[in-house]
Amino acid sequence: MDFIKEFDDLLNATEEKAWTERFFAHSKRLGFDFCLYGTIPHVKSPLSSAWVRSSFPAAWLERYFGRGYIAQDYKLIHCMQGNLPLIWAPEVFARSEQRRIYEEGCGFGLRAGISLPAHGPDGIYGQLCLARDIEPGPEFEKFLEPRLQSIFFLRDVLAHSSRSFAYPGCKASHQALTVREQECLRWAALGKSSKQIAELMYCTVSTVNFHIGNAGKKLGANTRQAAIAAAIQSGALVI
């Protein structure tokens, strides 16, 4: 599957409303009842400054923000402090207030889910949450496994494509990519591994990784997928 084209509509969204609708549609397509993406400009920024777009039930969001759950929610704390995804399960929420928030959310259909940190360039922090109204555990994990690659790529595309809406005054200025950097990213966008790209370009795997790493630094992206998304969005790469 061409993961770039899978989310091309998000990358090309020019209006916030269209971007939000497409985000919700992709979440539904992946099999999730509810989704949330939120971001703040810096890890030390107040959570009250967060830019949030969510299809979570309105009554739950009113309760969540109205009762100050945002400061106690373990899912958010986890995403702000690390880079690994968190699969929701009752035992994950060890402290009583964290378990209470989770259990209240279950009453609104937010029972099984995954939260992924979404940390972007310029110190931006955020999270993507996807949830289903089913029991957490083996059934949900079985559902999740074949979708993980698309979920991770969706997270990176959201982190990149949301910047113009969340931070309209922030304009990125990137160095131009070299021909070799563009070529490596183009093959990577088509699903080729570093080893396969090295064979196609008659060079070593370390050379491929070097070029992709350099491209990522120029684009302000910290993952290969984010670099591809940023290159396409900026016009530096045409597939």
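Tutor: In this predicted model, strand E4 covers residues 112–117, and six of its six residues are buried, so the strand is largely enclosed by the rest of the structure.

The next step is to see what flanks the strand. E4 belongs to an open sheet of five strands, whose order is E2-E1-E5-E4-E3 and whose pairing is antiparallel. At the edges of this sheet are E2 and E3, each of which pairs on one side only. In that order, E4 stands between E5 and E3.

Consider the E5 side. E5 spans residues 125–132, and six bridges join E4 to this antiparallel partner. Across this pairing, Ser115 stands opposite Cys129 in E5, and Pro117 stands opposite Gln127 in E5. On the E3 side, two bridges join E4 to E3, a strand of residues 86–87, and these two strands also run antiparallel. Here Leu86 is found opposite Ser115 of E4.

Helix H5, residues 74–81, lies across E1, E3, E4 and E5, and runs at about 140° to E5. Its buried residues are Lys75, Leu76, His78, Cys79 and Met80.

In soluble globular proteins, nonpolar side chains tend to be buried together. The largest nonpolar core in this model has 32 residues, and those with the most contacts inside it are Leu10, Trp19, Phe23, Phe32, Tyr37, Leu128 and Leu158. E4 is one of the elements that give two or more residues to this core; the others are helix H2 (8–11), H3, strand E1 (34–40), E5, helix H7 (138–144), H8 and helix H9 (163–166). With six residues, H8 gives the most.

Phe23 shows how parts of the chain come together. Leaving out residues up to four places away in sequence, Phe23 touches Leu10, Cys35, Leu36, Tyr37, Arg53, Leu128 and Leu158. Apart from this core lies another, of 20 residues, among them Cys184, Ala198, Val208 and Ala215.

Phe23 also takes part in the packing of two helices. Helix H3 (residues 16–29) and helix H8 (residues 148–161) have axes 12 Å apart and pack at an angle of about 175°. H3 and H8 are therefore roughly antiparallel to each other. Trp19, Phe23, His26 and Ser27 of H3 make this contact with Leu154, Leu158 and Ser161 of H8. Sorted by class, the contact of H3 with H8 contains four nonpolar, three polar and no charged residues.

The axes of H11 (residues 194–201) and H12 (residues 205–219) come within 8 Å and cross at roughly 105°. That makes H11 roughly perpendicular to H12. In this pair, Ser194, Lys195, Ile197 and Ala198 of H11 meet Val205, Val208, Asn209 and Ile212 of H12. The residues of this contact divide into five nonpolar, two polar and one charged.

Tyr202 lies in the loop between H11 and H12. This residue is exposed, with a relative accessible area of 78%. Its phi is near 55°, a positive value in a residue other than glycine.

To return to the sheet, the loop between E1 and strand E2 (51–54) holds Ser49, which is partly exposed, with a relative accessible area of 36%. Apart from its neighbours within four places in sequence, Ser49 is in contact with Ile40 and Pro41. E4, the strand with which this account began, has six of six residues buried.

Technical notes:
Residues numbered from 1 in each chain as written. Predicted model: local features only at pLDDT ≥ 70, side-chain atom pairs only at ≥ 80, totals over all residues. Heavy atoms only, no water. Axes fitted to C-alpha atoms, helices over the stretch in contact; angles between N-to-C directions. Helix = DSSP H or I, 4+ residues; strand = E, 2+ residues; numbered from the N terminus. Parallel < 35°, antiparallel > 145°, perpendicular 65-115°, else oblique. Contact = heavy atoms within 4.5 Å. Nonpolar A, V, L, I, M, F, W, Y, C, P; charged D, E, K, R; others polar. Buried < 20%, exposed > 50% of the residue type's maximum accessible area, 1.4 Å probe, protein only. Pairing = 2+ DSSP bridges. Core = buried A, V, L, I, M, F, W, Y, C linked by side-chain atoms within 4.5 Å.
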